[in-house]
Amino acid sequence: MTQKQLEDYLWGAANILRGMIDAADFKQYIFPLLFFKRISDVWDEEYRAALQESGDVDYAKFREMHWFDIPEGCHWEDVRKKTVDVGRGLQNALRRIERANSEQLMDVFGDAQWTNKRRMSDEKMLDLIEHFSKMDLSLSSVPHDIMGEGYEYLIKKFADDSGHTAAEFYTNRTVVKLMTLITDPQPGESVYDPTCGSGGILLNSALYLKEQDKEYRTLKLYGQELNLITSAIARMNMFMHNVDEFQIVQGDTLDNPSLLENDELRKFDVIMANPPYSMKRWNQTKWTNDPFGRNIWGTPPQGCADYAFQQHIISSLKPDTGRCVILWPHGVLFRDAERDLRCKMIENDLVDAVIGLGKNLFYNSSMESCLLVCRKRKPKERKGKMIFINAVNEVKIERSMAWLEPQHIKKIANAYRSFVDVEGFAKVMTKKDVLSNEGNLSVQLYVQQKREDTGMPIENLMCEIEANRTQINNSLDDLFLKLRKMEVV
């Protein structure tokens, strides 16, 4: 099967549901069915190979011969034979498979309402099952690399259809590639995403090593995700890419961090994340006396949990190799309400780089983003310093979509590694200088973009105005207040 054939086939399944349920809910039905079909077809393939080798039917069914155990009566073809109460038959099969493979698959199929016939009729269920039955998803027909790419394609298509909720489970993959280049995970290291969504950031670490012909299977991947179906999608995503060394748990990272070691936070070499920004509903009171000691700089305001996530991340880094890059909106760099927290982060010499990115790189949002890069132990030449990179123009924008081209990623990553001034693009500052600006980490404060005599392209000019909008508005407000006091207006 070609990549294009697989993509058309997968998206065809989603189109069967269109009009019956909201597009944002497609994923909770399509991904479990896809995974169920995949493991059933692989089981058949393994059974045939074992039977041919041994000639023994019982031997060919042994658990040890298979990727996953499929109990009697729970195979895809068993469910396909049902004509009434199809949803109930499917749900029973999925739950029994989870229990039979509890260490790997518990809750992996999510919590879709398979038995709700008003939401999913028997006829619609049979249409979906017959659609998936048309193609063989065994390894010989669809190798792991093609299946993994198809799965990622489907995740992005659902993100396109999901409107503003897309950011909850999908991060722009070109930004993820840049984040991975900056942290540079190595074989044998641990990589953690505390708000892992569909697992794309974690997976990219393994693919990054694989592309370099390095041993990616020794990389240990860890994630936590609040949403049950999204965490299930992340786990299925790992299996579809043939990644086994991972642990993804479901739960609230701030309220109940679940990746622990000796009753303390587990420590990681690399952390990459795109946390929910400006989250208002979180347990600020509990954070004040956090049992894991994560409030190292203090308690963030109730209306914005950004620096709770940032403190959790710093607290989860290994003291020697720990490094992180977090995708944030620009507000974390300068908001007054978090100034004291930000200053303590800078005083502790944790900030390694601040990279301002262009607009529309938050998925389905026009908001500008930035990368905050931190390191627990900096190299000697970077101690007491940080680099600011103004990459607002290093972006490709078409309509409401934006992405980083390979040349953009290369230019930004090279500037980060080089750690030298580049006129109009990068500036190395001391933490003392930044603290003298009240800990303001706004990139535009330190890197002024070059102006060409021939004039600036209108799209670049608009990006710059948008990037400085907050500061411009604040300056105008201050001027207006002064004029009022002088009774000029």
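Predicted model: local features only at pLDDT ≥ 70, side-chain atom pairs only at ≥ 80, totals over all residues.

Q: How many cavities of 30 Å³ or more does a search of the whole structure find?
A: Rolling a probe the size of a water molecule over the atoms shows where empty space is left. On a 1 Å grid over the protein atoms alone, a cavity is a set of points where a 1.4 Å probe fits but cannot get out, while a pocket is an open set with protein on both sides within 12 Å along at least five of seven lines. Here the search turns up one cavity of 30 Å³ or more.
A: Residues are numbered from 1 along each chain as its sequence is written, and side-chain values use heavy atoms, with hydrogens and water left out.

Q: Which residues line the largest cavity?
A: Lining residues have an atom within 4 Å of a point. For the largest cavity they are Ile182, Thr183, Arg323, Cys324, Asp352, Val373, Cys374, Arg375 and Tyr416. Two or more of them come from each of α9, β7 (323-329) and β9 (369-375), where helices (H or I, at least four residues) and strands (E, at least two) are DSSP runs numbered from the N terminus. The largest share, three residues, belongs to β9.

Q: Which residues lie nearest the centre of the second largest pocket?
A: Those are Glu152, Tyr170, Arg173, Thr174 and Asn204, out of 33 lining residues. The second largest pocket holds about 730 Å³ of space. Its largest share of lining, six residues, comes from α10. Sorted by class, the lining has 15 nonpolar, 10 polar and eight charged residues (Ala, Val, Leu, Ile, Met, Phe, Trp, Tyr, Cys and Pro count as nonpolar, Asp, Glu, Lys and Arg as charged, and the others, Gly among them, as polar).

Q: How many disulfides does a search of the whole structure find?
A: A disulfide is a covalent bond between the sulfur atoms of two cysteines. The test is a pair of cysteine sulfur atoms within 2.5 Å, and the search finds zero. As for burial, Cys74 counts as buried at 1% relative accessibility, and Cys304 is buried too, at 7%. Buried means under 20% relative accessible area, exposed over 50%, and partly exposed in between (1.4 Å probe, protein chains only).

Q: How many aromatic pairs are there?
A: Rings of Phe, Tyr and Trp (its six-membered ring) pair if their centres lie within 6.5 Å; planes under 30 degrees apart are stacked, over 60 edge-to-face, and the rest tilted. The whole structure has 23 such pairs. Take Phe36 and Trp76: their ring centres are 5.3 Å apart and their planes at 55°, so the pair is tilted. This pair links distant parts of the chain, 40 residues apart, with Phe36 in helix α2 (residues 27-54) and Trp76 in helix α4 (residues 76-80). Phe36 is buried at 1% relative accessibility, and Trp76 is buried with 1% as well.

Q: Which residues do ring pairs link into a cluster?
A: That cluster holds Phe35, Trp67, Phe68, Phe109, Phe239 and Phe246.

Q: Where does the charged end of Arg382 sit?
A: A charge sits over a ring if NZ of Lys or CZ of Arg is within 6 Å of the ring centre and within 35 degrees of the ring normal. Arg382 has its charged end over the ring of Tyr416, 4.6 Å from the ring centre.

Terms used. Points joined across faces, edges and corners; volume = space filled by probe spheres on them.
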